[in-house]
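Student: Could we go through this model together, beginning with its helices and then turning to its sheets?
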Amino acid sequence: MTHTHPTPDLDQLKPAGTRRSGKREFIVNVFLRHEGHLSADDLVELIRREDSRISRATVYRALQWMEEAGIARKVDFGEGRFRFEHSYRHPRHFHLICKSCGRSFEFLSSDIEASIEEVASARAFTAHQSVVQIYGACEACRTGRTEAAEPVPSEVLFARDALRIAIATERSGLEFYSRAAAVSRNRRGRAVFERLAREEREHLEKLEARYQRLVAQDPQLESRPTFLFFKGAANGLFAAGAEDLARGLDDRKALMLAVRCERTSHRFFRRYAGQFEDTEGRRIFFEFANEEREHLEVLIRAYRALSGRRGRARASRRAPTRSRAQA
Ligand SMILES: [Zn+2]
Ligand SMILES: [Zn+2]
């Protein structure tokens, strides 16, 4: 499933200097200042508040131009008119739509996406766009509480949730390697696991510091609703691996298990990140995927060293070679 738009360079978006282009630039700026899902009429009203001379037709034309340029995305909430949301550097997402107040709330789910991909691929279908909309009543309308929280850009929530997921995965990796080091009966095996546990701890500290920096920009960020619902393949992967370790594995088997965990994690995050437009959340996933690949390389070298020492040149060499090719 891809929702990729051509990502425009905002500096190049300024059209050649006619008077009309000046108006267009003004309309684009007003649009980008407002989070959420605006109808064309909402935008006309916002524009007219600042400059009453701009015509409705000019706003409509500017919206159409923004859509073609990948700045605005058209969404249909079944109201008989379209709304427009930011597209540039805005992660793709699904919507919850309140039938009482008309507000909409954005979210993303790796599981819904995985299901859509599974269905499309089973039917040999190439998906260009997937729309998931859930209609109902929002919490404020249901409970009568009307604290009007100002909308937060989804990009920020995406970054927060991407960091939370990367942190949770690093934690389970740390747990896995600490346990592997504790049960290892082989000096070299233990040294590898200790090294990886150290690296996981360092990565974890870096990610946590980054999370704190993000939260420092918005004291309420932590309590804002979840944007990214994530139960992807990489989640809890190391936790399952750690359970296998508890049942007792020799060092080679433990290394193979670690290779499998890191490889799955690396591939999952790289592939997942690849689906997004350029956002902080995407960068977090890519950096995380690269760290997982580095771990994978350390593990494969260790596995080779261990196999070479024990089994000489036997068939055992085939396994790590294949591992590398697949990495
Ligand atoms: Zn509502
Ligand atoms: Zn939206």
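Student: At what angle do the axes of helix α2 and helix α3 cross?
Tutor: This is a predicted model, in which local features need pLDDT of at least 70, side-chain atom pairs count only at pLDDT 80 or more, and totals for chains, interfaces and linings use all residues. Residues are numbered from 1 along each chain as its sequence is written, while chains are lettered from A and ligands numbered from 1 in the order in which they are written. The axes of α2 (residues 40-50) and α3 (residues 56-68) cross at roughly 120° and come within 10 Å. Axes are lines fitted to C-alpha atoms, for helices over the stretch in contact, with angles running from 0 to 180 degrees between N-to-C directions. Helices (H or I, at least four residues) and strands (E, at least two) are DSSP runs, numbered from the N terminus.

Student: Which word describes how α2 and α3 lie to each other?
Tutor: α2 and α3 are therefore oblique to each other; angles under 35 degrees count as roughly parallel, over 145 as roughly antiparallel, 65 to 115 as roughly perpendicular and the rest as oblique.

Student: Which residues meet there?
Tutor: From α2, A40, L43, V44 and I47 meet R56, V59, Y60 and L63 of α3. A contact requires C-beta atoms, placed from the backbone, within 7 Å. The contact of α2 with α3 comprises 7 nonpolar residues, no polar ones and 1 charged. Here Ala, Val, Leu, Ile, Met, Phe, Trp, Tyr, Cys and Pro count as nonpolar, Asp, Glu, Lys and Arg as charged, and the others, Gly among them, as polar.

Student: And how do α6 and α9 pack?
Tutor: α6 (residues 154-183) and α9 (residues 251-274) pack at about 170°, their axes being 11 Å apart. That makes α6 roughly antiparallel to α9. T169, F176 and A180 in α6 meet A254, A258, C261 and S265 in α9, a contact of 5 nonpolar, 2 polar and no charged residues.

Student: Changing topic: what is the order of the open sheet of 3 strands?
Tutor: The order is β1-β3-β2, with antiparallel pairing. β1 and β2 are the edge strands, each pairing on one side only. Two strands pair if DSSP finds at least two bridges between them.

Student: How many bridges join β1 to β3?
Tutor: There are 2 bridges between β1 (residues 38-39) and β3, which run antiparallel. L38 stands opposite F84, and S39 has R83 as its bridge partner. On the other pairing, β2 (residues 72-76) and β3 are antiparallel over 5 bridges, with D76 opposite F82.

Student: What about the hairpin of β2 and β3?
Tutor: The hairpin has 5 residues between the strands, and G78 takes a positive phi near 70°.

Student: Why is β3 largely enclosed?
Tutor: In β3 (residues 82-86), 4 of the 5 residues are buried, so the strand is largely enclosed by the rest of the structure. A residue is buried if 20 or more other C-beta atoms lie within 10 Å of its own, exposed if 12 or fewer, and partly exposed in between, with C-beta atoms placed from the backbone. Of the chain's 327 residues, 30% count as buried.

Student: Which strands stand at the edges of the sheet of 4 strands?
Tutor: This open sheet has the order β6-β4-β5-β7, with mixed pairing. β6 (133-136) and β7 (228-229) stand at the edges with a single partner strand each, so one side of each is left without a neighbour in the sheet. Within the sheet, 4 bridges join β4 (residues 94-98) to β5 (residues 104-109), which run antiparallel.

Methods: Contact = placed C-beta atoms within 7 Å.
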